[in-house]
Amino acid sequence: METILDRIISQKQIEIKSLRAISRKIKNQSTNLSLIEQLKVADHLSIIAEFKRASPSKGDINTNLNPAEQAKKYEENGAAAISVLTDTTFFKGSFKDLKIVRDSVNIPILCKDFIIDPVQIDIAKEHGANIILLIAAALPFTALNHLYQYAKQQNLEVLMEVHDEEDLEKALKIRPGLYGINNRNLKTFEVDLGVTERLAPLIQADGGFIISESGIFNQYDAKRVRDVGANGILVGEALMRSNELSSNMRELMVPILKETKQ
Ligand SMILES: O=P(O)(O)OC[C@@H](O)[C@@H](O)c1c[nH]c2ccccc12
């Protein structure tokens, strides 16, 4: 049966063709902002705050927010980085949003997309991204490794997303240094923080920073992933819907365990 991930990837293959045709008029905006350097010194859980208008699992989340204003609020309230969804078809995001956020803040930005081709990495960088996401489940090992090496050559950091042991096996061979454990299964949309509890110790044994992604809403969720060694959390829906962003973000920044520091 065709999963949502299969559908997203087939759509990407179509979009890549037009991305190649985009003239690269935009000046390279990339700066040297580093999430990894921040994670090295953080004493609380770092928040990667996401700008996410909609998603296939939740439908419209908040389509009225202004990306520049929301990004500034994330920065003011202590986000370590901002994630911007650039997929349009399924998430209602765009590279324009990425550029707007880049021009509004001074912290690292993650381009959140389904990357299957180096041209997407070029475009992410041209719009000001410092970090890209690579989803292990979306690619065979050789392609994943190739895109990882390409991004590093472009001076970008890579958040390597894993959801199960099979993904992790591919990721550990690459040793990316920065892992995203997605609590949401991109094939069924099921969310379970137990995924971080299961995979984090396997990553810790090998070394590398850990970001727990998806389904994190409050300090109990934050503590749960912190307790198994997460260095950071990637939070979208909870922050996009929040009416009290400052206090919500503050409650998520729980102190991290000494053993977690690298
Ligand atoms: O809105 P949430 O449940 O806080 O999740 C944020 C983020 O983890 C999620 O948007 C995400 C994680 N990995 C992805 C890959 C593609 C698209 C989206 C995602």
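Predicted model: local features only at pLDDT ≥ 70, side-chain atom pairs only at ≥ 80, totals over all residues.
I'll begin with confidence. The protein has a mean pLDDT of 94, and 96% of its residues reach 70 or more. For the complex, the predictor gives an ipTM of 0.98 and a pTM of 0.95.

Now the helices. Two packed helices are described by the angle between their axes and the distance between the axes. Please keep those two quantities in mind for both pairs.

Take helix H3, residues 67-76, and helix H4, residues 95-102. At what angle do the axes of H3 and H4 cross? They cross at roughly 50°, and they come within 9 Å. The crossing of H3 and H4 is right-handed. On the H3 side, the contact is made by Pro67, Ala68 and Ala71; on the H4 side, by Asp97, Ile100 and Val101. By class, five of these residues are nonpolar, none is polar and one is charged.

The second pair is helix H6, residues 141-153, with helix H7, residues 165-174. Their axes lie 10 Å apart, and the packing angle is about 40°. That makes H6 oblique to H7. This crossing, too, is right-handed. Which residues of H6 and H7 make the contact? H6 supplies Phe141, Leu144, Asn145 and Tyr148, and H7 supplies Lys170, Lys173 and Ile174. The contact of H6 with H7 divides into four nonpolar residues, one polar and two charged.

Last, the ligand. There are 15 residues around the ligand. Which of them come nearest? Those are Glu213, Ser214, Leu234, Gly236 and Glu237. Strand E10, residues 232-235, supplies at least two residues of the shell around the ligand, and helix H10, residues 237-240, also supplies at least two. How does the shell divide by class? Five of its residues are nonpolar, four are polar and six are charged.

Conventions. Residues numbered from 1 in each chain as written. Near = placed C-beta within 6 Å. Helix = DSSP H or I, 4+ residues; strand = E, 2+ residues; numbered from the N terminus. Nonpolar A, V, L, I, M, F, W, Y, C, P; charged D, E, K, R; others polar. pLDDT = per-residue confidence, 0-100. Axes fitted to C-alpha atoms, helices over the stretch in contact; angles between N-to-C directions. Parallel < 35°, antiparallel > 145°, perpendicular 65-115°, else oblique. Left-handed = near helix turned anticlockwise from the far one by under 90°. Contact = placed C-beta atoms within 7 Å.
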